[in-house]
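User: Could you take me through this structure? I would like to begin with a term that I keep meeting.
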Amino acid sequence: MEHWSVEDYKEYNNKSTKKTKYRANKTSIDGHTFDSKKEAEYYCDLKMRLQAHDIKGFCLQPIFMLAPGLKYKADFVVFHNNNTTEVIDVKGYKTKEYIAKKKVFEEKYDLKITEIN
């Protein structure tokens, strides 16, 4: 039986590549950590659109209360120049939980979630 020191284990753990459940790689940009590279790229796209005055603004990961103890966290809310608001969810995989929350969100807030695949 082989025994590892704490240092050996940490070194091994840092070298091994951990696969996430849905094969998404967390990515950090501007001090924000995104659940996937695709979500981080969409953030960069929104920053460019804001600089080009294509949109008024956006916010990251807003939380919406659906019911007591039940919340939905969108990836982005985009504020367009025509005073409309768009809720964005960057999706690689739609879980059953997401599908259920999406339905409740859209009924409660009378807003559609735009999915970016």
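Analyst: Buried means under 20% relative accessible area, exposed means over 50%, and partly exposed lies in between, with a 1.4 Å probe and protein chains only. Both Tyr-72 and Phe-105 are buried by this rule.

User: What kind of model is this, and how are residues numbered?
Analyst: This is a predicted model, in which local features need pLDDT of at least 70, side-chain atom pairs count only at pLDDT 80 or more, and totals for chains, interfaces and linings use all residues. Residues are numbered from 1 along each chain as its sequence is written, and side-chain values use heavy atoms, with hydrogens and water left out.

User: What is the order of the strands in the open sheet?
Analyst: The order is S3-S6-S7-S8, and the pairing is mixed. Strands (E, at least two residues) and helices (H or I, at least four) are DSSP runs numbered from the N terminus, and two strands pair if DSSP finds at least two bridges between them.

User: Why is one side of S3 and of S8 left without a neighbour in the sheet?
Analyst: Strands S3 (55-60) and S8 (113-116) stand at the edges, and each has a single partner strand, so one side of each has no neighbour there.

User: How many bridges join S7 to S8?
Analyst: Four bridges join strand S7 (residues 85-90) to S8, and the two run parallel. Val-90 stands opposite Ile-116 in S8.

User: Which strands does helix H3 touch?
Analyst: Helix H3 (residues 96-109) packs on the sheet and touches S7 and S8, where contact means heavy atoms within 4.5 Å. The direction of H3 makes about 145° with that of S8; axes are lines fitted to C-alpha atoms, for helices over the stretch in contact, and angles run from 0 to 180 degrees between N-to-C directions.

User: Changing topic, how many aromatic pairs are there?
Analyst: A search of the whole structure finds 10 aromatic pairs. Rings of Phe, Tyr and Trp (its six-membered ring) pair if their centres lie within 6.5 Å; planes under 30 degrees apart count as stacked, over 60 as edge-to-face and the rest as tilted. The rings of Phe-64 and Phe-105 have centres 5.0 Å apart and planes at 75°, so this pair is edge-to-face. Phe-64 is in strand S4 (residues 63-67) and Phe-105 is in helix H3, 41 residues apart.

User: And how buried is Phe-105?
Analyst: Phe-105 has a relative accessible area of 0%, while the value for Phe-64, also buried, is 16%.
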